[in-house]
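Q: I'd like to go through this structure with you. Can we take the strands and then the pockets?

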Amino acid sequence: MAYSFETLEIEHSGRVATIWMNRPAVFNAFDEQLIDEIHAACRLLDADPGVRVVVLGGRGRHFSAGADLNWMRRAAGFGEAENLADARRFAGMLRALSGMGKPTIARVQGAALGGGTGLTAACDMAIAADDAQFSTSEVKFGIIPAVISPFVLRAVGPRNALRIFQSAERFDAARALAMGLVGEVVPAAGLDAAVARLAEQLASCAPDAQKAAKDLIAAVNGRPIDDAVSEETAQRIARRRATDEARDGIAAFLDKRPPAWLA
């Protein structure tokens, strides 16, 4: 499958595809074009059966410094209708990234500010270099981190969000790890190796089961553990055990052979 973008590069390594934001001169700050191209890349890669894992990274010293200054200047002159369309574009991209049916990893170095923090949270998991810096800085400009809020809240919880949304303070990778925004922090020189190890582990697992596991989390998260949830989880595992993928996976384990999805 061929890809052609102006603000992105798509790099393939086996079953892993990396979406590289490629605006290093502006620290991968995003504008309308970058937002639209990330959205399109997510759709294309999600539909590509040869891709098992998607990594989101930024070329250069920084992951993403958030909104492009020229985009912010244009937005300052927008009316409510134009601002709503702009926000919907950004929200649609984050939902496309978060809703991919295959595992996603944020590869974070340097600045991951504002929407860069949102991109980190929208991925299923994140690995950060120890030089990474995060912030939901919107209130410094008289606005709020509205569009990224569902993803950041999911990652860090309401208590942490109350502080970082209102203080606009920067925080480092160690604090991001403690909050749950990232799952691993490594020296900058080891970032690519750490991402590759996780991607390899993810690519070794059953793809349909991974999507079903992601759907499972969405279905049961936040619900009381009652009869309805117990019944739903029982039905979900019963349906999954009856799939060809599950039958082959169990047989492969017992027969000490690779499963079909690794062929």
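This is a predicted model: local features need pLDDT of at least 70, side-chain atom pairs count only at pLDDT 80 or more; totals for chains, interfaces and linings use all residues.

Q: What is the strand order in the open sheet of 3 strands?
A: The order is β5-β7-β8, with mixed pairing. Strands are DSSP runs of E, at least two residues long, and helices are runs of H or I, at least four, numbered from the N terminus. Two strands pair if DSSP finds at least two bridges between them.

Q: Which strands are at the edges?
A: β5 (111-113) and β8 (171-172). Each pairs on one side only.

Q: In which sense do β7 and β8 pair?
A: Antiparallel, over 2 bridges. β7 covers residues 133-135. Phe134 has Phe171 in β8 as its bridge partner.

Q: Which helix packs on the sheet?
A: Helix α4, residues 115-122. It touches β5 and β7 (contact means heavy atoms within 4.5 Å). The direction of α4 makes about 90 degrees with that of β5. Axes are lines fitted to C-alpha atoms, for helices over the stretch in contact, and angles run from 0 to 180 degrees between N-to-C directions.

Q: New topic. How many residues of β6 are buried?
A: 4 of its 5 residues, 125-129. Buried means under 20% relative accessible area, using a 1.4 Å probe and protein chains only.

Q: What does β6 pair with?
A: β4 (104-108) runs parallel to β6, joined by 4 bridges. Ala106 has Ala126 in β6 as its bridge partner. β9 (184-186) also runs parallel to β6, with 3 bridges. Ile127 stands opposite Glu184 in β9.

Q: On to pockets. How much space lies in the largest pocket?
A: About 1000 Å³. A pocket is an open set of points on a 1 Å grid where a 1.4 Å probe fits, with protein on both sides within 12 Å along at least five of seven lines; lining residues have an atom within 4 Å of a point. A volume is the space filled by probe spheres set on the points.

Q: Which residues lie nearest its centre?
A: Ala67, Trp71, Met72, Glu138 and Ile143, out of 36 lining residues.

Q: And the second largest pocket: which element gives the most to its lining?
A: α8 (207-220), with 7 residues. The volume of the second largest pocket is about 640 Å³.

Methods. Residues are numbered from 1 along each chain as its sequence is written. Side-chain values use heavy atoms; hydrogens and water are left out. Buried means under 20% relative accessible area, exposed over 50%, partly exposed in between (1.4 Å probe, protein chains only).
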